[in-house]
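Please look through the sequence and the model shown here before reading on. The report that follows takes up a few residues and then some helix pairs.

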Amino acid sequence: DHVALGNEEWNPWEEDERNELVASRQRYEANLKMIKKARSHLEQTSLRVQIWGKAAIGLYLWQHIFGGQLEPVDVTAQWREGHQKAGKTYFSFITGPSVVPGYFSVEAENVVLVLNGRERAKIAYATQWLHYTQTLIQTHKIQHVAVMLLGNEQCNNEWIQPYLKRNGGFVDLLFVTYDYALVNEEDIFQWPLGVATYRNFPVVEPSWSMLHDPRSYLCNFLGTVYKNSSRETLMEVLKQDGLDKLCWIAAREQWQPQETNESFKNYRDALLQSDLTLCPVGINTECYRIYEACSYGSLPVIEDVMTPGDCRNSSMYHSAPLQLLKTMGAPFIFIKNWKELPAVLKKEKEMSLQEKIQRRKKLVEWYRNFKAWMRQKFINTLENSFLPSDKG
């Protein structure tokens, strides 16, 4: 194999070099084979999931729990979408008034349908989406369906039952808000209510001053005082002891769903300027206020009583109300009656700023971990259910 260039030169390492070249080529081919195998395995096991956000809790899932972006950023846009790779799954998210059955492209074999089942009119609209999705299953356009449901505040969710696979329907998984008795951690999972994204509550990044600055008020309550509710008791307790002078209280008789820039700024400032946020029971014990207070490092003080209706302990949890939050070790103050509040506020007055700073950090850290845990649980649940099981 020598090429004679004048005097023939002998290279004592030539054979080693040739062997190394052959070995190197074999290694390269083996690596190539491994990469091809890994890629084909990835293609087999990768999941493509399209999320159809037809209720505001979809925005809590996408922007707050997934930390995903949406384009365009304009919240009034007719169509908004985002994309994210997480675990073995590629997620796409679409939302907005233009997302209408039959008028958008179905881009994945697996769908998460985000629905509002809070009242009759919403259920009628949700049912239309379910029927559309059922047609896609029947025509093999999609394979798997999960539903994320903003449940009824008194846990009357019977209407969704016939659609579940366990009852002969086509919905593989149900993620539902509130303490629904049928939560079993197999195909029905409890999901957090989250913040009021329908009022454009933002994703809050904790700042140094939010965690370290002294706050002007011991507590806050901005909300509606319903007749004959425990909220009336709360107002009486605050007035009796002059505690309303130490807290930011703005009670109103009528509920106002429309947030103005000014009313939102007031609410945000109240959360930022108070060490505690009072969370009296509304129609349900779980409310947006709990999560919104966590966002700003204001510790929720929660009236720990069961919501009337069908909400109760599930077979999985025995800590209702708020079984999901309690199971996750939420560092809140739970009280059974607002008459306990003066003692809570007395203790609050005696706390040093340093103690409050530590508590804020713990709360903000817990909330961040809680969202990360919910994200991972959501991804794992979809992958375990939708991916073909690996038989080795």
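In this predicted model, a polar atom of the side chain of Thr197 lies 2.6 Å from the backbone oxygen of Ala56, where a polar contact is a pair of N or O atoms within 3.5 Å, one able, within protein, to donate a hydrogen and the other to accept it, and residues adjacent in sequence count only if both atoms are side-chain atoms. Thr197 is found in the loop between β7 (188-191) and α4 (208-212), and with a relative accessible area of 7% Thr197 is buried; buried means under 20% relative accessible area, exposed over 50% and partly exposed in between, with a 1.4 Å probe and protein chains only. Not counting residues up to four places away in sequence, Thr197 touches Ala56, Ile57, Leu59, Tyr60 and His64, a contact being heavy atoms within 4.5 Å.

Residues are numbered from 1 along each chain as its sequence is written. Local features need pLDDT of at least 70 and side-chain atom pairs count only at pLDDT 80 or more, while totals for chains, interfaces and linings use all residues, and side-chain values use heavy atoms, with hydrogens and water left out.

The chain has 10 helices and 12 strands, which are DSSP runs numbered from the N terminus (helices H or I with at least four residues, strands E with at least two). Of its 392 residues, 49% count as buried, and among contacts between residues at least 6 apart in sequence, 71% join residues at least 24 apart.

A polar atom of the Asn116 side chain lies 2.9 Å from the backbone nitrogen of Arg118, and, leaving aside neighbours within four places in sequence, Asn116 is in contact with residues including Ala55, Lys122 and Leu149.

Val106, by comparison, lies in the loop between β3 (89-95) and β4, and at 29% relative accessibility Val106 counts as partly exposed. Val106 touches Gln50, Trp52, Tyr132, Leu136 and Ile142, not counting residues up to four places away in sequence. Val106 and Ile142 are 36 residues apart in sequence, with their C-alpha atoms 8.2 Å apart in space.

Two packed helices are described by the angle between their axes and the distance between the axes. The axes are lines fitted to C-alpha atoms, for helices over the stretch in contact, and the angles run from 0 to 180 degrees between N-to-C directions.

| Helix pair | Angle | Distance between axes |
|---|---|---|
| α2 (residues 57-65) and α10 (residues 353-386) | about 115 degrees | 10 Å |
| α7 (residues 288-295) and α10 | about 120 degrees | 8 Å |

The angle in the table makes α2 roughly perpendicular to α10, since angles under 35 degrees count as roughly parallel, over 145 as roughly antiparallel, 65 to 115 as roughly perpendicular and the rest as oblique. In this contact, Tyr60, Leu61, His64 and Ile65 of α2 meet Tyr367, Lys371, Met374, Arg375 and Phe378 of α10. These residues divide into six nonpolar, one polar and two charged, where Ala, Val, Leu, Ile, Met, Phe, Trp, Tyr, Cys and Pro count as nonpolar, Asp, Glu, Lys and Arg as charged, and the others, Gly among them, as polar.

For the other pair, the angle makes α7 oblique to α10. Here Tyr291, Cys294 and Ser295 in α7 meet Leu363, Val364, Trp366, Tyr367 and Phe370 in α10, and the residues of this contact divide into seven nonpolar, one polar and no charged.
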